[in-house]
Amino acid sequence: MATPYVTIVLDEVTSTQDVATAELRGSDQPVLIVASRQTAGRGRSGNDWWQAPCALAASLAFSPETLEVKGTFSLTVGLAVRAAVAGVAHLHVDLKWPNDLELDGRKVGGVLVERDEERVVVGCGVNLWWPEPPPGTGALFDDPPELAVGVAISEAWAGDVLQSAGAWDRDAYMAACSTLGAELTWDPAGRGTATAVDERGGLVVTTAQGTTILRSGEVRT
C-alpha cells in the first residue's frame, strides 16, 4: 500500500529542501514541495545548482521511521526519477553515477539526499527548458512545458520512492548507468574504466593497478 503524502506547489522558494523540512515539522505525513524556481538551491556536496529558465525543483521530506534509508537510497531515487520522466514526458534519461540525470550526454538534473535523526529530505532538480544552456548541460524539452508537467513528474517519483520503500534494483541501475564503460579520472590522481556498480552502490573501476571501488566523490569522463 502506498504511503500517503501531502503535495504543496509553490512558485518560488529559497530551497525546496529547507521548505520541505519546515513543513514536515507540522505534518504527520511525508511532505512533497514542488517549485518552479529556487533562489538558494543547492546541489550535492553543497554545490550551487545551475537553474534553467524553466526548471523543476522538488523535495520529499519524511521521518526516518517511514522507511529504511540505505546507502543505495540516492541511486534508488535516481531510478524513480528516470521512470517518472519516461512515464510523464516519454523521454529516456540516463543515470550518471552516482545520481545525475543525463539526456543525450548532457546533464539535465540531479538528486540530493540530506538526513539526520529527525528527517530525511530527498531533493530532485530537473531542467525542463533551457534555450542556451552552459556546455555539458541541457533540458528535457525544446519548449517551456506547463507547470502541471513538473508536478506530475515530482508526484510520480515521490510516490514510487515511498511505495517501494527504497528497494535497490542493482540490475536496473546498471542498465541505465551511462558511466559504465567510460574512461574516468578522479581526485587525487585516479584513472580507470568503470565496469560495474556493486551491491552497495559503489562504482567498480578497473585501473592499471587492479580493481578499485569508488564510494563517493566527483568523477570525470
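**Entry 1: a salt bridge between loops**

I started with Asp198, which counts as buried at 9% relative accessibility; buried means under 20% relative accessible area, exposed over 50%, and partly exposed in between (1.4 Å probe, protein chains only). Before going on, I noted that this is a predicted model, where local features need pLDDT of at least 70, side-chain atom pairs count only at pLDDT 80 or more, and totals for chains, interfaces and linings use all residues. Residues are numbered from 1 along each chain as its sequence is written, and side-chain values use heavy atoms, with hydrogens and water left out.

What does Asp198 meet in a salt bridge? The partner is Arg215, at 2.8 Å from N to O. My rule for a salt bridge is a side-chain nitrogen of Lys or Arg within 4 Å of a carboxyl oxygen of Asp or Glu. This pair links distant parts of the chain, 17 residues apart: Asp198 sits in the loop between β9 (190-197) and β10, and Arg215 in the loop between β11 and β12 (219-220). Helices (H or I, at least four residues) and strands (E, at least two) are DSSP runs, numbered from the N terminus.

**Entry 2: other salt bridges**

By this rule I get 5 salt bridges. One of them joins Arg37 to Glu12, with the closest N and O atoms 3.5 Å apart. That pair also links distant parts of the chain: Arg37 lies in strand β2 (residues 31-38) and Glu12 in strand β1 (residues 6-13), 25 residues apart. Arg37 is partly exposed at 43% relative accessible area, and Glu12 is partly exposed too, at 47%.

I also looked up Asp116, which bridges to Arg119 with the closest N and O atoms 3.7 Å apart. Is Arg119 buried or exposed? It counts as buried, at 16% relative accessibility, while Asp116 is partly exposed at 38%.

**Entry 3: a lysine without a salt bridge**

Next I checked Lys96, in strand β4 (residues 94-96). Lys96 is buried yet has no salt bridge; Glu102, the nearest side chain of opposite charge, is 4.5 Å away. For charges, Lys and Arg count as positive and Asp and Glu as negative, with His and the chain ends not counted. Which residues does Lys96 contact, leaving aside neighbours within four places in sequence? I found Glu102, Tyr173, Ser178, Thr179 and Val219, where contact means heavy atoms within 4.5 Å.

**Entry 4: the sheet of 7 strands**

I traced an open sheet of 7 strands in the order β1-β2-β3-β7-β6-β5-β4, with mixed pairing. Its edge strands are β1 and β4, each pairing on one side only. I call two strands paired if DSSP finds at least two bridges between them. The twist averages 20° from one strand to the next; axes are lines fitted to C-alpha atoms, for helices over the stretch in contact, and angles run from 0 to 180 degrees between N-to-C directions.

Inside this sheet I followed β6 (residues 106-115) and β7 (residues 120-129), which pair in the antiparallel sense over 7 bridges. Glu114 stands opposite Val121 in β7. Helix α1 (residues 16-24) packs on the sheet, touching β1, β2, β3 (54-62), β6 and β7, and its direction makes about 35° with that of β3. Helix α3 (residues 147-164) packs there as well, touching β1, β2, β3 and β7, at about 30° to β3.

In α1 I listed Thr16, Gln17, Val19, Ala20, Thr21 and Leu24 as buried.

**Entry 5: the sheet of 5 strands**

I then turned to an open sheet of 5 strands, ordered β11-β10-β9-β8-β12, with antiparallel pairing. β11 and β12 stand at the edges with a single partner strand each, so one side of each is left without a neighbour in the sheet.

Where does β10 (residues 203-207) pair with β11 (residues 210-214)? They run antiparallel over 5 bridges and form a hairpin with 2 residues between them. Leu203 has Leu214 in β11 as its bridge partner.
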